[in-house]
Amino acid sequence: LTGLLMGLAFLFRFQVALMIVGFFLWLVFIRRSGFKPMGLFSLGLVLPVLAGTLSDRWFYGHWVITPYRYFTENLVAGRAATFGVSPWYYYITETFMNAIPPFSLVFIAAVFLWILFRPKDPVTWSLVPFLLAHFIIGHKEIRFMFPIIGFLPLMMAGGWAFLAGKYGERLTAGRAVRWSVASFWYVNLAMTAILVFRPADS
C-alpha cells in the first residue's frame, strides 16, 4: 500500500521521486527491511508508474517516458533556469515572507528541528534529499515546497514536544508563550477564512 501511494504521488509530481529515494534508503539502512517487504514495496511502487507509462502511450500516440523527458528538458537542457534563478536560501526567506511573519518562523524552525533531532526518522530521510536538491537547483518557486506541507503538523508537534520536554514549564507555562500560541491559532483561522473567499489566482 505504501508503494502504491508513493507511486501515485510520483505520477502527480515527479520531484517526489527524491522523497521516495530517501524513504527507500531508510528502509535499507535504518529499518533493515527484509527481501519480501522490500519486494512488495517495490512492486507497489512500480505498478502506478507502469500505468502512467501506458496512459502516456495511449494519449501521446507513441511510447514516451514522461519523467525522463521532464528531467532532461528542465535540468539537463536547462529549460527551467530560463524562468529565473534564485539563491539557495530562497525557500527560507520566501517562506518567512509569505507564511505570515513572525508565525512563519514556526514552520521553518519545525522542519529544521525535526531533521536535527530525529536523524533516523523516515520523514527526515524522505525530506533531506528533497530539500537539498531544491536548494541546489537554480530555478525556485515556493510552490515546489508544497509536497512537504502535509508533514508540517507532525513536525510542529514534534518540535514542540522536544522543546517542552527539554525546558518543561519554563516554556509551556509562560504568559508570553500562551499568548503567542493563542495568537498563532487566531491569525491562522482568520487568514484561512480570508483565503477561502479569495480567487485562487489573485
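Q: Which helices cover the buried residues of α7?
A: Start with the terms. Helices (H or I, at least four residues) and strands (E, at least two) are DSSP runs, numbered from the N terminus. Buried means under 20% relative accessible area, exposed over 50%, partly exposed in between (1.4 Å probe, protein chains only). Contact means heavy atoms within 4.5 Å. Now the case: the cover over the buried residues of α7 includes α2, α5, α6 and α8. This is a predicted model with residues numbered from 1 along each chain as its sequence is written, and local features need pLDDT of at least 70. Side-chain atom pairs count only at pLDDT 80 or more, while totals for chains, interfaces and linings use all residues; side-chain values use heavy atoms, with hydrogens and water left out.

Q: Which residues in α7 are buried?
A: The buried set in α7 is Val 123, Thr 124, Ser 126, Leu 127, Phe 130, Leu 131, Ala 133, His 134 and Phe 135.

Q: How do I judge the span of α7?
A: Compare the end-to-end distance with an expected span, which is 1.5 Å times one less than the number of residues. α7 has 15 residues. Its first and last C-alpha atoms are 22 Å apart, close to the expected 21 Å.

Q: How many helices and strands does the protein chain have?
A: It has 10 helices and zero strands. Its C-alpha trace spans about 65 × 45 × 30 Å along the principal axes. Buried residues account for 28% of the 202 residues. Take contacts between residues at least 6 apart in sequence: 63% of them join residues at least 24 apart.

Q: How many aromatic pairs are found, and how are they read?
A: Rings of Phe, Tyr and Trp (its six-membered ring) pair if their centres lie within 6.5 Å; planes under 30 degrees apart count as stacked, over 60 as edge-to-face and the rest as tilted. A search of the whole structure gives 14 aromatic pairs. Tyr 91 and Phe 135 form a stacked pair because their ring centres are 6.1 Å apart and their planes meet at 25°. This pair links distant parts of the chain: Tyr 91 is in helix α5 (residues 90–98), Phe 135 in helix α7 (residues 122–136), 44 residues apart. Tyr 91 has 3% relative accessibility, so it counts as buried. Phe 135, at 17%, also counts as buried.

Q: How are Phe 103 and Phe 184 arranged as an aromatic pair?
A: They are edge-to-face, with 5.8 Å between centres and 75° between planes. Phe 103 sits in the loop between α5 and α6 (104–117), and Phe 184 in helix α10 (residues 175–196), 81 residues apart. Both Phe 103 and Phe 184 are buried.

Q: Which residues do ring pairs link into a cluster?
A: The cluster holds Trp 88, Tyr 89, Tyr 90, Tyr 91 and Phe 135. Glu 141 touches two of these names, Tyr 90 and Tyr 91, when residues up to four places away in sequence are not counted. The C-alpha atoms of Glu 141 and Tyr 90 are 8.5 Å apart, although 51 residues separate them along the chain. Glu 141 lies in the loop between α7 and α8 (152–167). Its relative accessibility is 25%, so Glu 141 counts as partly exposed.

Q: What should I look for in the backbone?
A: Look for exceptions: most residues other than glycine have a negative phi, and most peptide bonds are trans. Arg 32 has a positive phi near 55°. It lies in the loop between α2 and α3, and Arg 32 is exposed with a relative accessible area of 65%. Ile 100 has a positive phi near 65°. The loop between α5 and α6 holds Ile 100, which is partly exposed at 28%.

Q: Which residues does a cis peptide bond join?
A: Pro 101 and Pro 102, with omega about 5°. Pro 102 is in the loop between α5 and α6.
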